[in-house]
Amino acid sequence: MGGTLGKVESPKKDFLPEARLEAKIVEAMKRRVSSETSVKSFNSVILKFPKIDDSFRKFKATFEEFDEDKNGAIDHEELRRCFHKLEISLREEEIDDLFKACDINDDMGINFNEFIVLLCLIYLLDEGSTSSQSKSRIGVPYLEATFETLLDAFALLDKNKDGYVSSSEMINAISESSKGERSSGQIALRRFEEMDWDKNGMVNFKEFLFAFTRWVGIDEAEDEDEG
């Protein structure tokens, strides 16, 4: 895994999330960004890449335990059993929506980076619930700390607090961190294009997460394991 922002490839299918899940994510993020964020600049997020990298690597062993048939992906039934072990309570409809939304290759399996995104979405959607106030939301405290950083990073970018990040918001955030460097605008646009998979000019939290996991280097780690 590395600390540089590498190229992010679009998924093989159209990035069309389930409408009901999309609405829930946007509303949850609106509530989140309405509060103060601990992240003050995009550079401060980049500086946390090694720590985020470490938490993902640590969690890889847990993912492999849930991948019972050792094929590199968690299928629908394995996901149900995983939620049971992590004490995550979801309705069948919610499990289906999350599975479909995060299985971006449409191969009926959730690989490691997709699993990270899926758990972070659950973490966001459970924020503010009565049950989440008294216990760990997904049963993995160190990973939840990383998710807090990712939520704060998105909140930093979402200046108008509408639950999405626009290209102008991305440019402003990168420019503020780069202190007037001439190339900052071009860098921001490249980062935005990597996130905006459906090319609608707006980035939701799920798109942000998939890009972020690749910036940190999850795909590189998977390639190393396969090698």
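**Salt bridges and a helix crossing**

With a relative accessibility of 41%, R20 counts as partly exposed, a class lying between buried (under 20% relative accessible area) and exposed (over 50%), computed with a 1.4 Å probe on protein chains only. The model is predicted, so local features need pLDDT of at least 70 and side-chain atom pairs count only at pLDDT 80 or more, while totals for chains, interfaces and linings use all residues. Residues are numbered from 1 along each chain as its sequence is written, and side-chain values use heavy atoms, leaving out hydrogens and water.

R20 pairs with E93 in a salt bridge, their closest N and O atoms being 3.3 Å apart; the term denotes a side-chain nitrogen of Lys or Arg within 4 Å of a carboxyl oxygen of Asp or Glu. This pair links distant parts of the chain, with E93 in helix α5 (residues 92–102) and R20 in helix α1, 73 residues apart. Helices here are DSSP runs (H or I) of at least four residues, numbered from the N terminus. E93 is likewise partly exposed, at 36%.

In total, the structure holds 15 salt bridges. Another of them joins R57 to D53 (3.0 Å, N to O), both in helix α3 (residues 49–66) and four residues apart, about one turn of the helix. Here D53 is buried at 9% relative accessible area, whereas R57 is partly exposed at 39%. R32, E127, R137, E148 and D152 are linked in a network of salt bridges.

Turning to packing, the contact between α1 and α6 (heavy atoms within 4.5 Å) involves L21, K24, I25, A28 and M29 of α1 with L121, L124 and L125 of α6.

Conventions. Helices (H or I, at least four residues) and strands (E, at least two) are DSSP runs, numbered from the N terminus.
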